[in-house]
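Biologist: I am new to this structure and would like to go through it carefully, one question at a time. Could you show it to me before we begin?

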Amino acid sequence: MTSAPASRRTLLAVGALAAALTLSACTGDANGRSGGGGDTNFVTGTGGISTVPKGERMAAPQLSGKDITGKPLDLADYKGKVVVLNLWGSWCAPCRAEAPYLTRIAEETRSKGVEFVGINTRDPQTGPALAFEKDYDVRYPSFHDPIGKLILKFPKGSLNPQAIPSTIVIDREGKIAARALTALDDKQLRSMIDPVVAEK
């Protein structure tokens with residue numbers, strides 16, 4: 001059978017990703033450095049927020065699966081919207097710290113064509129994630145991605161999630177415009193979202 005080696009490669013890749021996220025989980029680089037290496041075309045500003053000029057952005061991956069309630073969730077359904085993706089875990093203290101800001105900005109920007117979508121990771125069961133959403137009145141959906149398969153879909157050299165929490169802004173054309181590898185407050189979120197909303 002030829003599928004076994006491919007399955008092993010997938011498991012090894014997922015395992016390596018889980019290990020990397022374990023090392024970087026709930027951490028932030030105060031110096032604002034970002035990973036990716038090589039010849040990248042993005043700039044990291046103060047506070048660890050990286051941005052890419054329009055016209056130089058990479059396409060976001062096609063993400064689909066189930067949310068933490070078991071319902072189907074597909075990023076393609078948000079085509080033409082500005083999408084804010086937030087990688088989080090119920091066990092992550094910085095995720096809890098930023099949750100009130102995320103929920104408030106999600107409500108404030110929805111009328112401007114902004115949609116928030118979470119990626120819940122390293123929560124093997126959905127119970128803790130559901131409790132987290134109830135505690136923080138999270139009204140937007142989150143993919144349940146316990147071992148990081150969706151995270152692996154982000155292209156190398158792009159503004160991909162490399163820590164928990166990470167936040168990524170996708171423009172109306174489905175391209176990755178900004179990323180933060182640390183917990184955010186409302187001002188930082190606005191500094192990522194507002195310029196993308198204003199683009200023509």
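Modeller: Strand β6, helix α3 (residues 127–135) and strand β7 together make a right-handed β-α-β unit, where right-handed means that, with the strands pointing away from the viewer, the path from the first strand over the helix to the second runs clockwise. This is a predicted model, in which local features need pLDDT of at least 70 and side-chain atom pairs count only at pLDDT 80 or more, while totals for chains, interfaces and linings use all residues. Residues are numbered from 1 along each chain as its sequence is written, and side-chain values use heavy atoms, with hydrogens and water left out.

Biologist: How many helices and how many strands are in the chain?

Modeller: Helices (H or I, at least four residues) and strands (E, at least two) are DSSP runs, numbered from the N terminus. From that end the elements run α-β-β-β-β-β-α-β-α-β-β-β-α. The chain therefore has, under this definition, four helices and nine strands.

Biologist: Is strand β6 enclosed or open, and how many of its residues are buried?

Modeller: Buried means under 20% relative accessible area, exposed over 50% and partly exposed in between, with a 1.4 Å probe and protein chains only. On one side of β6 V114, F116, G118 and N120 are buried, and on the other E115, V117, I119 and T121 are buried as well. Strand β6 (residues 114–121) is largely enclosed by the rest of the structure because the buried residues number eight of the eight.

Biologist: Which residue of strand β6 stands opposite V84?

Modeller: Two strands pair if DSSP finds at least two bridges between them, and seven bridges join the parallel strands β5 (residues 82–88) and β6. These two strands also make a right-handed β-α-β unit with helix α2 (residues 93–109). The residue in β6 opposite V84 is F116.

Biologist: Which residue of strand β7 stands opposite T121?

Modeller: Strand β7 (residues 142–145) pairs with β6 in the parallel sense over four bridges. The residue in β7 opposite T121 is D145.

Biologist: What is the relative accessible area of R122, which lies in the loop between β6 and α3?

Modeller: Most residues other than glycine have a negative phi. R122, although not a glycine, has a positive phi of about 60°. R122 is partly exposed, and its relative accessible area is 30%.

Biologist: Which peptide bond is cis?

Modeller: Most peptide bonds are trans. P165, in the loop between β7 and β8 (166–170), takes part in a bond with omega near 0°. That cis bond runs from I164 to P165.
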